[in-house]
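I opened this notebook to keep track of what I looked up, going from the whole chain down to single residues.

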Amino acid sequence: MTDFKQLDIYWVELEPTKGAETKKLRPCVIIQSDLVNVKSRTLIVAPLLPQHKSWPFAVNLIPTEENALDKDRHINLKQLRVIDISRIGKKQGQLERQYINNIKDALIIVFDL
């Protein structure tokens with residue numbers, strides 16, 4: 001059983017990568033639901049990249065005490081990754097629930113749902 005929760009932000013080692021995949025050690029937000037996280041050795045995460053973007057698949061974030069981000073960032077929901085939990089590093093913080101509808105809207109765009 002794991003203690004990973006949806007909207008937790010962890011540092012994740014994304015290497016090795018290929019081509020245009022998001023690279024290196026980055027903060028990532030867990031997108032996968034808590035129901036799936038309970039017995040899973042893999043997680044679906046999205047990387048948090050620097051700066052705000054106006055892309056329809058990006059959710060812009062501002063640093064707060066709860067999320068513990070160091071600067072303005074965006075969640076790139078076009079770069080979802082399934083990762084083994086062995087890639088997970090230190091917990092950064094937790095994304096505020098106020099962003100959940102923006103995440104859902106971006107996923108609808110990404111998957112044309």
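The entries below start with the overall fold and then turn to a few residues.

**Ground rules.** I note that this is a predicted model, in which local features need pLDDT of at least 70 and side-chain atom pairs count only at pLDDT 80 or more, while totals for chains, interfaces and linings use all residues. Residues are numbered from 1 along each chain as its sequence is written, and side-chain values use heavy atoms, with hydrogens and water left out.

**Whole chain.** I looked up the secondary structure and found two helices and seven strands in the protein chain; helices (H or I, at least four residues) and strands (E, at least two) are DSSP runs, numbered from the N terminus. Along the sequence, the pattern reads β-β-α-β-β-β-β-β-α. The radius of gyration, taken over C-alpha atoms, is 13 Å, close to the 13 Å that the globule rule gives for 113 residues, so the chain is as compact as a globular protein of that length; the rule itself is 2.2 Å times the number of residues to the power 0.38. The C-alpha atoms fill a box of roughly 35 × 35 × 30 Å along the principal axes.

I then checked burial, where buried means under 20% relative accessible area, exposed over 50%, and partly exposed in between (1.4 Å probe, protein chains only). Buried residues make up 43% of the 113 residues. For contacts, meaning heavy atoms within 4.5 Å, I noted that residues 24 or more positions apart account for 58% of those with a separation of 6 or more.

**His-74.** Is this residue buried or exposed? His-74 lies in strand β5, residues 73-76, and counts as buried because its relative accessibility is 1%. Its side chain reaches the backbone oxygen of Pro-50 at 3.3 Å, which I read as a polar contact (a pair of N or O atoms within 3.5 Å; within protein, one must be able to donate a hydrogen and the other to accept it, and residues adjacent in sequence count only if both atoms are side-chain atoms). Leaving aside neighbours within four places in sequence, His-74 is in contact with several residues, including Pro-47, Trp-55 and Asn-60.

**Asn-60.** Which backbone atom lies 2.8 Å from a polar atom of the Asn-60 side chain? I found that it is the backbone nitrogen of Lys-53. Asn-60 and Asp-72 are twelve residues apart in sequence, and their C-alpha atoms are 7.5 Å apart in space.

**Gln-79.** I looked next at the loop between β5 and β6 (81-84), where Gln-79 is placed, and noted that Gln-79 is buried at a relative accessible area of 14%. A polar atom of its side chain lies 3.1 Å from the backbone nitrogen of Thr-22, a residue 57 positions away along the chain, with the two C-alpha atoms separated by 7.0 Å. Not counting residues up to four places away in sequence, Gln-79 touches Ala-20, Glu-21, Thr-22, Val-45 and Pro-47.

**Asp-8.** In strand β1 I picked out Asp-8, which counts as buried at 1% relative accessibility. A polar contact of 3.4 Å joins the side chains of Asp-8 and Lys-91. Asp-8 and Val-29 are 21 residues apart in sequence, yet 5.7 Å apart in space from C-alpha to C-alpha.

**Backbone geometry.** Most residues other than glycine have a negative phi, and most peptide bonds are trans. Against that background I recorded Leu-7, in the segment before β1, whose phi is near 80 degrees and which is buried, with a relative accessible area of 1%. Lys-24, in the loop between β1 and β2, has a phi near 65 degrees and is partly exposed, with a relative accessible area of 46%. Which peptide bond did I note as cis? The bond from Glu-15 to Pro-16 is cis, with omega near 0 degrees, and Pro-16 is placed in the loop between β1 (8-13) and β2 (25-30).
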